Amino acid sequence: PLFMSGCGGNNSHANVGLLYCSAEANSLYQVKEVEKALKAKGLSTKLISFENSNDISSVLNGSIKKIDTLYIPTDNTCASNAATIDAIVRDNKIPVFAGEEGLCKGCGAITLSISYYNIGVKTGEMAIDVLLGNKDISTMAIAYDESPVKKYNADFCNEVGISVPSDYSELDDASASSAVRVNITNQNTENKKFTIGISQLVTHDALDAATNGFMDAVKAGLGEDNVTFDLQNAAAQTELCASIANNFVSHNYDLIMANATPALQAAANSTTTIPILGTSVTEYGVALGIKDFNGTVGGNISGTSDLAPLNEQADMLATVFRDFMK
């Protein structure tokens with residue numbers, strides 16, 4: 001079993017901090033789900049929200065003495081500021097349960113997540129079907145990664161005193177950005193040419209892995225010489241996502257791949273005709289304001305979700321802190 005020693009410990013119930021950016025709706029969705037599950041297991045929680053990168057340090061420093069551990073969902077702003085978070089939690093010997101392995105590599109101890117490379121590959125497979133006319137995007141359900149990744153940051157775990165279960169593997173330099181290479185045959189028998197615009201919110205391991213998986217799959221399925229990618233990065237500036245999407249539309253690209261929620265929202269606002277595939281989007285109903293979302297967006301939009309197994313994550317946290325629950 002997983003256990004922790006030497007952390008907090010005077011409280012009868014461990015206090016789990018839930019750190020997220022209030023500007024990211026999908027992050028709030030995740031922490032609310034995890035909070036509900038943790039409370040059902042007898043753990044106390046503390047929501048720690050910040051507005052942007054400028055206040056993450058002051059907000060976290062203001063709460064760090066009030067928590068015993070920290071949970072961080074698949075939050076792009078947190079991922080972009082992993083070094084800042086890492087310095088604070090290490091200084092206070094606070095273990096971090098990370099929502100994805102890139103974040104775990106940057107500032108976490110353990111993660112139970114999905115493979116961003118794999119969801120990128122799945123998004124690429126969807127793009128192949130759309131571009132070759134094999135499937136209608138309006139009827140394509142949002143796809144998920146069904147194989148959770150179990151990883152740990154050995155350095156951090158040793159530092160705070162976490163014993164890791166045997167079915168977890170150590171993060172390494174290739175983590176979050178690599179996987180088994182795609183096994184997709186070239187289906188573009190007529191050698192049709194396509195141009196795809198890729199809008200990525202920000203550079204960090206998880207989103208990079210999704211983009212790499214997408215491009216690897218598309219090149220394999222359409223032929224590397226038959227596809228041109230226009231990869232644009234918004235550098236964490238959500239307002240730039242709109243400019244990028246509008247530029248893709250003005251060039252009448254064959255398909256837009258939107259990597260992260262703000263990129264998807266901007267693409268959705270820019271066109272109702274060019275096919276749009278999202279990835280690294282947690283909950284499409286939340287992202288696109290769809291009430292009673294049934295799993296299919298409809299229209300010109302589909303894609304893949306990076307929704308982690310939230311209940312399993314909560315179970316892991318409860319296991320870590322079982323001693324505090326006695």
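**Close-up views of the predicted model**

**View 1. S10 and S11, side by side.** Strand S10 (residues 194-200) and strand S11 (residues 227-233) run parallel and pair over seven bridges. Pairing here takes at least two DSSP bridges between the two strands. Helices (H or I, at least four residues) and strands (E, at least two) are DSSP runs, numbered from the N terminus. Look for Thr 195, whose bridge partner in S11 is Thr 228. Between S10 and S11 the chain passes through helix H8 (residues 205-222), giving a right-handed β-α-β crossover. Right-handed means that, with the strands pointing away from the viewer, the path from the first strand over the helix to the second runs clockwise.

A quick word on the ground rules: this is a predicted model, with local features needing pLDDT of at least 70 and side-chain atom pairs counting only at pLDDT 80 or more, while totals for chains, interfaces and linings use all residues. Residues are numbered from 1 along each chain as its sequence is written, and side-chain values use heavy atoms, with hydrogens and water left out.

**View 2. The open sheet and its strand S6.** Seven strands make up an open sheet with mixed pairing, in the order S3-S2-S4-S5-S6-S7-S9. Its edges are strand S3 (44-50) and strand S9 (169-170), each of which pairs on one side only. Zoom in on strand S6 (residues 110-113), which runs parallel to strand S5 (residues 96-98) and is joined to S5 by two bridges. Phe 97 is bridged to Ile 110 of S6. To get from S5 to S6 the chain goes through helix H5 (residues 101-107), in a right-handed β-α-β crossover. Ala 98 has Thr 111 as its bridge partner in S6. With strand S7 (residues 149-152), S6 pairs in the antiparallel sense over four bridges, and there Thr 111 is partnered by Lys 151.

**View 3. Side chains of S6.** In a regular strand the side chains alternate between the two faces of the sheet. Ile 110 and Leu 112 point one way from S6, Thr 111 and Ser 113 point the other way, and all are buried. Buried means under 20% relative accessible area, exposed over 50%, and partly exposed in between (1.4 Å probe, protein chains only).

View 4. Searching the whole structure for disulfides (pairs of cysteine sulfur atoms within 2.5 Å) turns up zero. For Cys 104, the nearest cysteine sulfur belongs to Cys 157, 7.1 Å away. Cys 104 counts as buried because its relative accessibility is 0%.

**View 5. Around Thr 123.** Thr 123 sits in helix H6 (residues 116-131). With a relative accessible area of 0%, Thr 123 is buried. Setting aside neighbours within four places in sequence, Thr 123 is in contact with Phe 214, Met 257, Leu 277, Gly 278, Thr 279 and Thr 304; contact means heavy atoms within 4.5 Å.

**View 6. The largest pocket.** The space in the largest pocket comes to about 480 Å³. A total of 32 residues line this pocket, and the closest to its centre are Glu 24, Asn 76, Thr 77, Leu 201 and Thr 238. Helix H1 (25-40), helix H3 (76-80), H8, helix H9 (238-250) and helix H10 (261-270) each supply at least two lining residues. H3 gives the most, with four. On a 1 Å grid over the protein atoms alone, a pocket is an open set of points where a 1.4 Å probe fits, with protein on both sides within 12 Å along at least five of seven lines, and lining residues have an atom within 4 Å of a point. Grid points are joined across faces, edges and corners, and the volume is the space filled by probe spheres set on the points.

**View 7. Two loops with positive phi.** Lys 93, in the loop between H4 and S5, has phi near 55°, a positive value in a residue other than glycine. Lys 93 is partly exposed, at 42% relative accessibility. Ala 236, in the loop between S11 and H9, has phi near 70°, again positive and again in a residue other than glycine. Ala 236 counts as partly exposed at 46% relative accessibility.

**View 8. Asp 91 in H4.** Asp 91 belongs to helix H4 (residues 82-91) and is exposed, at 63% relative accessibility. Its C-alpha atom is 40 Å from that of Gly 289, which is 198 residues apart from Asp 91 along the chain.
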